[in-house]
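These are my notebook entries on one protein chain. I set down what I looked up, entry by entry.

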Amino acid sequence: MPSVRPAPTGRTDGGPPRQPVPGAAARPGQGGRRAERLAPYVLLAPSLLILAGLRLWPLLLGINFSFTGDGDRNGMMVGLDNYLELLEDPLFRGALRNVGLLVVLLPVAVAIPGLLATLIYLRVPGHRVYRSVYFFPAVLSPVIVGAIFNLLLAFDGPLNAVLGGIGVGPVDWLGDPDVAMFVVVGVHVWATFGMALVVFLAGFATLDASLLDAARVDGASLPQTIRHVIVPSLSRTIQFVFVTTMIGMLTSMFGLLYVMTSGGPEGSTYLPEYYIWFQQGQLNRPALASAASTVLFLIMLVVGLLQISLLRRAVREA
């Protein structure tokens, strides 16, 4: 049987064999790699367009509107007049002081759900029940929460009745300018820390259990385990909770403020978001309200970046 020879790879006319064109075989592979690089951007494009249309563009419009006037100067460019008026307004200065108070109390607002999530993760007795109980306030409306605590904290309410029974004088929880803001912040933390608790539990799901076992074998106490194992391992989660909790305190307390104190007493519970509503909804000064909104945005941006920087440094040191 005659043998079959493979087809010649060179030229049949006696000339030298053809050489492959450089890059010809690699073109399909390069196109695939280019498609892989572009795929994430294509998938993100719809979300980015929606974000730009619903968030970024209104933000830019608001910033531009803050440089216009109100009333007789409606639509006229007034430069920095609105911002100068904000600095001279005692209500807005009080709102900024309250923002400073929130920043000081923020670590406490984050530590509470973090510690409770740690205990639940370590399976303390009744941890399943605690998970449901702690999350329950997060599903309540701020208006309902404010109404409940108005009854509990009234001057002749049950809390002061209990204090009177142990010989402590009644406290005007919502009528004392030195106390009211702390009370509202405490109620807000109670009503919202359930969401932060869920985020922490999700972070614990990624924690390497062998690190906890090693710490237990080495005889580490609970504070030492939290400082040297849990905090470094959950650094990303802690940063996320810090930023989201701060944003919530600065932009989600209007319902409580409106129901519990209406900005009083003596303007002591004003926050920038309540000030914005007051100027826009009550005094019909949208340009001044836009200036206050711009200041609030800058505060959140600066404080958020500082918090992330400080947390990263603390985690490295730990």
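**Entry 1: the loop between α11 and α12**

I located Pro 265 in the loop between α11 and α12. I took helices as DSSP runs of H or I with at least four residues and strands as runs of E with at least two, numbered from the N terminus. A cis peptide bond, with omega of about -5°, joins Gly 264 and Pro 265. I note that this is a predicted model, in which local features need pLDDT of at least 70 and side-chain atom pairs count only at pLDDT 80 or more, while totals for chains, interfaces and linings use all residues. Residues are numbered from 1 along each chain as its sequence is written, and side-chain values use heavy atoms, with hydrogens and water left out.

I then looked up Glu 266, which is also placed in the loop between α11 and α12. Glu 266 is not a glycine, although its phi is positive at about 60°. Its relative accessible area of 76% makes Glu 266 exposed; I used under 20% for buried, over 50% for exposed and partly exposed in between, with a 1.4 Å probe and protein chains only.

Thr 261 lies in the loop between α11 (254–260) and α12 (272–282). Is Thr 261 buried or exposed? Thr 261 is buried, because its relative accessible area is 12%. Leaving aside residues up to four places away in sequence, I found that Thr 261 touches Leu 174, Val 184, Leu 256 and Thr 269. Contact here means heavy atoms within 4.5 Å.

**Entry 2: Asn 284**

I found Asn 284 in the loop between α12 and α13 (286–317). Asn 284 has a positive phi of about 55° and is not a glycine. Asn 284 is exposed, with a relative accessible area of 57%.

**Entry 3: α8 against α9**

I checked how helix α8 (residues 209–217) packs with helix α9 (residues 222–233): the angle is about 170° and the axes are 11 Å apart. The axes are lines fitted to C-alpha atoms, for helices over the stretch in contact, and angles run from 0 to 180 degrees between N-to-C directions. α8 and α9 are therefore roughly antiparallel to each other, a term for angles over 145 degrees.

Which residues of α8 and α9 meet? Leu 211, Leu 212 and Ala 215 in α8 meet Thr 225, Val 229, Ile 230 and Ser 233 in α9. Nonpolar covers Ala, Val, Leu, Ile, Met, Phe, Trp, Tyr, Cys and Pro, charged covers Asp, Glu, Lys and Arg, and polar covers the others, Gly among them.

**Entry 4: the cavity**

I searched for cavities and found 1 of 30 Å³ or more. A cavity is a set of points, on a 1 Å grid over the protein atoms alone, where a 1.4 Å probe fits but cannot get out, and lining residues have an atom within 4 Å of a point. The largest cavity holds about 30 Å³ of space; its volume is the space filled by probe spheres set on the points, which are joined across faces, edges and corners.

Val 99, Leu 102, Val 103, Leu 106, Met 246, Met 249 and Leu 250 line the largest cavity. α3 (90–121) and α10 (235–251) each supply at least two residues of this lining, and the largest share, 4 residues, comes from α3. I classed the lining as 7 nonpolar, no polar and no charged.

**Entry 5: the whole chain**

I counted 13 helices and 0 strands in the protein chain. Of its 318 residues, 33% are buried.

Methods: Parallel < 35°, antiparallel > 145°, perpendicular 65-115°, else oblique. 1 Å grid on protein atoms, 1.4 Å probe; cavity = no way out; pocket = protein on both sides within 12 Å on 5 of 7 lines; lining within 4 Å.
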